[in-house]
Amino acid sequence: MNTLLRKYSVLVSGITLVALLAGCASSGTTRSTTHNNTAKGAGIGALSGAAASVLLGKRKADEILIGTAIGAGIGAGVGAYMDAQEEKLARIPGTSVERVDDETLLVRFDSDILFAIDSSTLTSTSRGTLGDVAGVINEYPKTAVVIQGHTDSTGTEAHNQGLSERRAGAVQGFLAGRGVNQERMAAIGYGEGSPLTSNATADGRTQNRRVNILLKAKAV
């Protein structure tokens, strides 16, 4: 996974300028939503290694959508289908939602809300938040769910890879326990290879320790 992620990081670096130019030319369809707040965003991971993990997450979601778990596409209404999920998810305290494209959302959680440092055991606070997220996911059964685990660079690469996988698996297991169909989910650990920002500061390391949930539907 880390080798593939590095290849995608190189690709993303090459298209960053294109993404920036497209963003300047567009009216700003990408947006970031938090509960009680909506604002236009600069684009999902356009300037960080996080973009590579989003690309891989979308690829995994497409694999799920091709299978029988989700069924037929939504058609022209896919945008509205994702809009409705985005609105409900953004109301959950401790979450923010970024619109990747018309068919894709990325749900983020407040730093350290899910796990203590170097732990893959869900906190009591996270169970309430994830329970609310599971409720929304269950309302929209045609959406693929990809849980993405990340760590900071503290410790060895092998340790961080395993920790990220265990964290993503813990979230997947919790969602399954709340009724989310296992066949529409996948859990991926990215280790330390997809930071949002520099690991040189405590604040940067906090931001890089995260689990996101990528949600994707298909039009046809």
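Buried, in these notes, means under 20% relative accessible area, with exposed over 50% and partly exposed in between (1.4 Å probe, protein chains only). I am working on a predicted model, where local features need pLDDT of at least 70 and side-chain atom pairs count only at pLDDT 80 or more, while totals for chains, interfaces and linings use all residues. Residues are numbered from 1 along each chain as its sequence is written, and side-chain values use heavy atoms, with hydrogens and water left out.

I take helices (H or I, at least four residues) and strands (E, at least two) as DSSP runs, numbered from the N terminus. Among the buried residues of α5 I noted Leu163, Arg167, Val171, Phe174 and Leu175. An α-helix has 3.6 residues a turn, so residues three or four places apart point the same way. Just after α5, I found glycine 179 with a positive phi of about 100 degrees.

Next, the strands. β5 and β6 run parallel, joined by five bridges (pairing takes at least two DSSP bridges). I looked up isoleucine 147 and got alanine 187 in β6 as its bridge partner. Four of the five residues of β6 (residues 185-189) are buried.
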